[in-house]
Amino acid sequence: MKVAGFDIGGANTDLAIIDFEDGEIKNIEVDYAYLPMWSNNDDLASVLKELIENICPFEDIDAVGISMTAELVDAYETKKEGVLDVVNKCDELFDCPVGYITLKGVLSSEDLRKDPLQAAAANWIATCEIATLIAENCIFIDTGSTTTDIIPIKDGKQCAIGNSDFERLATGELVYTGTLRTNLASFLDKVELNGKEYRVASELFAQTADVYRVLDLIDEKDYICDTFDGEGKSKIECMRRISRVLCADLDSVSTEDVVEISKFIHKEQVKQIADGLKQVSEKQGLNLVITTGLGKDILDAKAAESLGLEVKSMGDILTDEECVVAPAVGTAVMMNKYLN
């Protein structure tokens, strides 16, 4: 049984193809693509097919699981409209069984159409499937390109207080900050440099991917989103963008200064994530944190350690590449269980 699990996000679409034999995982292959659904949602079907064909023949897939967060993009007037657009495109593309990850587990498209919002931003349900393999009582934290999920698990089941993104923003279970696409001005008021505090420019000058390129925490191949200025992704180009956040350029600040600025910004983003993690940990009485996603080592482990919490990595059971697409892996696992 070869099952494809897709996590269709607003900016990135992730794929995990898992070969199951007698219910056991025999092989996992993963891939992902940058797909800005706010402008290119009509390309979804072709991207899904291409991702599969990068790994195996399209017709080799026996079943497909879908999780999504793309319904929030402003191409859609409502999240319901977004969910149904994804469902329609997937149902037209695939001839094999297709299931959708929801707050109620896996649903067919027929059942999902009765209550589309059950699938809205439910990809964290799939990640729970993987986290419980490490610990039955924990908080898993997944920082991707755009957002951070912080989900409590007790007795092997998720116990999030919030069900929607709207609700989870109030409970600490969703922090809208990520490793690549977050505008620096969204979480910075001031930057410290050479003993002075500088207020920042609230413009679309630089994003977190620029910071982590400068600090050598991601490679250029990891920088899969567009740059704010439409220029390249080399370290020097990233430095130029970061300098503009202080209304400067590389004539007025040195490259060493930009490295120091980046280190400060990194610490501030860790604090932002730690604030949500602290809220969840104290509310649930959980002290073990399982990290995953692109930011698992860059941000999540540091946030947990700053709070004195025990940290384990989903990398203990998955490769780093699989951790980056953990919701897609979990989606494939849930789909296989649904069929059996």
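Predicted model: local features only at pLDDT ≥ 70, side-chain atom pairs only at ≥ 80, totals over all residues.
Residues are numbered from 1 along each chain as its sequence is written, and side-chain values use heavy atoms, with hydrogens and water left out.

**Overall build**
- The chain holds twelve helices and 14 strands; these are DSSP runs numbered from the N terminus, with helices (H or I) of at least four residues and strands (E) of at least two.
- The radius of gyration, taken over C-alpha atoms, is set against a globule rule of 2.2 Å times the number of residues to the power 0.38.
- That radius is 20 Å, close to the 20 Å that the rule gives for 340 residues, so the chain is as compact as a globular protein of that length.
- Along the principal axes, the C-alpha atoms fill a box of roughly 60 × 45 × 35 Å.

**Burial and contacts**
- Of the 340 residues, 56% are buried (under 20% relative accessible area; exposed is over 50%, partly exposed in between; 1.4 Å probe, protein chains only).
- Contact means heavy atoms within 4.5 Å.
- Among contacts with a separation of 6 or more, 63% join residues 24 or more positions apart.

**Arg213 in α7**
- Arg213 sits in helix α7, residues 208-214.
- Arg213 is buried, at a relative accessible area of 9%.
- Not counting residues up to four places away in sequence, Arg213 touches Ile218, Asp219, Glu220, Tyr223, Lys233, Ser234, Lys235 and Cys238.

**Ile236 in α8**
- Ile236 belongs to helix α8, residues 235-244.
- Ile236 is partly exposed, with a relative accessible area of 36%.
- Beyond its neighbours within four places in sequence, Ile236 is in contact with Leu250 and Thr255.
- Asp165 lies 71 residues from Ile236 in sequence and 36 Å away in space, C-alpha to C-alpha.

**Helix α10 and its end**
- Helix α10 spans residues 296-306, and its buried residues are Lys296, Ile298, Leu299, Asp300, Ala301, Ala303 and Ala304.
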